[in-house]
Amino acid sequence: MIHFGQVYKRYPGGHEALQDVSFNIAQGEMVYLTGHSGAGKSTLLKLIAAIERPTSGSVLINGHNIRAIKREAIPALRRNIGLIFQDHKLLFDRSAFDNVLLPLQISGFDHREAAKRVRAALDKVGLLAREKANPIALSGGEQQRLCIARAIVSRPDILLADEPTGNLDAEYSAEILNIFRSFHQVGVTLLISTHDQSVLQRFPARALHLDHGMLQQGSAT
Amino acid sequence: MKRLREHLHVLQTTLSRLWLTPGASLLNMTIIGIALSLPVGTYVLLKSVQHLASSVAETPQISVFLDAGRRDPELRALRERLEANDRVSRVEFVSRDTALLQLQQSTGASDMVGDLPHNPLPDTFIIYPKSTDADAMEALHQELRSWQQFDHVQLDSAWVKKLDALLGLGRLATAILATTLSLALIAITFNTIRLQILTRRDEIEVSKLIGASDGFIRRPFLYFGLLQGLTGGIVAWLLVSASLWLLNGSLADLTQLYSSDFQLHTLSWPDSLALFAFSGYLGWLGAWFSVSQHLWQIEPR
């Protein structure tokens, strides 16, 4: 599902964000991506979503080669990837419901079917009662859950989460990880970046550890 | 069906965006409307004058006025001679009595004509030439002037030609005006859309991140440009129609004094539809330029 082969990413200005990174993630796997801040976790996630392209090496996502992907093919790729951002990237000019509706509008869903799906997604993250609220009125944890609802509403095969528990206290973190685990159980491929070691201890799974842009020995398999 | 639904949805959200900033939207529409109403108004005025000119002189002709007191046999001989000329296609004779009668009927001068002690009008031949191009007309004009029997030979098409040239100038001026103001319309839309793209930056970025195609992102802006141009066109239509209505109102008082029923033309349906289509298209074009200029700059990072 996700394949990295000897991937290098160098940003303009010479900063080597990733060096010789190779790994595979099978369909339905749940994998952590760990490392200190600046180790290249965000860059790695951006390569998967074709937000950045590798300088060299091959990144294969669901059969798409990110290095050579055509601009017009990127939307279709991204529709199959649910993105969860540390800063949520919610839109404050519309309700929670409409935020979650956006991906379905983009893929051209029938309105009634879309509304059903949005409510199901909001229910899944426990925000059904807040569907009319503006995201700005939601707490940090609620905003994160709303972001998750938006990522899963179109039922993607892959979920990428960038520090989803970064700003949350332990109780909220546990809530969110429980939501992730429930997706894992229905066969979604998950890649969760975190610098929070306590998360790994409570919900153990395979972890890829990045250190200064290099994958630590032993974590690739 | 799915396509149609998407487009209807975009139309709906675009309308609500227009509605969301009523002040700015209204201002833009008014500016576009005023800009468009200038060339449209001149176009309509020119059309009226052109119509007037062509109704007065449909085919170019030469009027030959005779000295007073010619007798019938002499007139008949003259007519035969004129008809024998190979430059002449047809000759029409208007006797001075007929001319007086026509004058009485056609203009509002009936009272004045009735007061005249005798008929001041001459007998007239109206000559329709075979060829209506300017050189042939002028040659015939010169030839007829050399005839001793004629008091005065008048080339009736001369003033129509001058008017035509003037109208041509007017049309050119209108075209230039229309072109520059169309560019202004495109520029206005370009800027409006630019500002919109800037304020909707977050939405565009997020939409791209969750898989929106360029077309999906572009569509609402194009619709906005189209709608803004179209409503601007409607404003221009209203402005021009209202002005013509007002002008025709006071023109009626004036033309009554001359017993004429001259009226300024109002915008015909084809012209109105062309105006709407054109203004909508220009708005769309401005939006398209703006979107292709600015949208690619917003890429998620």
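Student: Quick one to start: in β4(A), which residue is the bridge partner of A:Y8?

Tutor: That would be A:S56. Keep in mind that this is a predicted model.

Student: Good to know. How many bridges join strand β1 of chain A to strand β4 of chain A?

Tutor: Five bridges link β1 (residues 2-10) with β4 (residues 56-61) in chain A, and the two strands run antiparallel.

Student: Switching to chain B: what does its domain assignment give?

Tutor: Two entries: domain 1 covers 2-56 + 161-297, and domain 2 covers 62-155. Taken over C-alpha atoms, the centres of these two domains of chain B are 51 Å apart.

Student: Now the contact between the chains. How many residues of chain B are in contact with chain A?

Tutor: On the chain B side there are 14 residues, and they are in contact with 11 residues of chain A. Helices α1 (2-20) and α8 (201-209) of chain B each supply at least two residues of that side.

Student: Which helix gives the most to it?

Tutor: α8(B) does, with five residues.

Student: And by class, what is on the side of chain B that touches chain A?

Tutor: You'll find six nonpolar, three polar and five charged residues there.

Terms used:
Residues numbered from 1 in each chain as written. Chains lettered and ligands numbered in written order. Predicted model: local features only at pLDDT ≥ 70, side-chain atom pairs only at ≥ 80, totals over all residues. Domains from an automatic or database assignment. Contact = placed C-beta atoms within 7 Å. Helix = DSSP H or I, 4+ residues; strand = E, 2+ residues; numbered from the N terminus. Nonpolar A, V, L, I, M, F, W, Y, C, P; charged D, E, K, R; others polar. Pairing = 2+ DSSP bridges.
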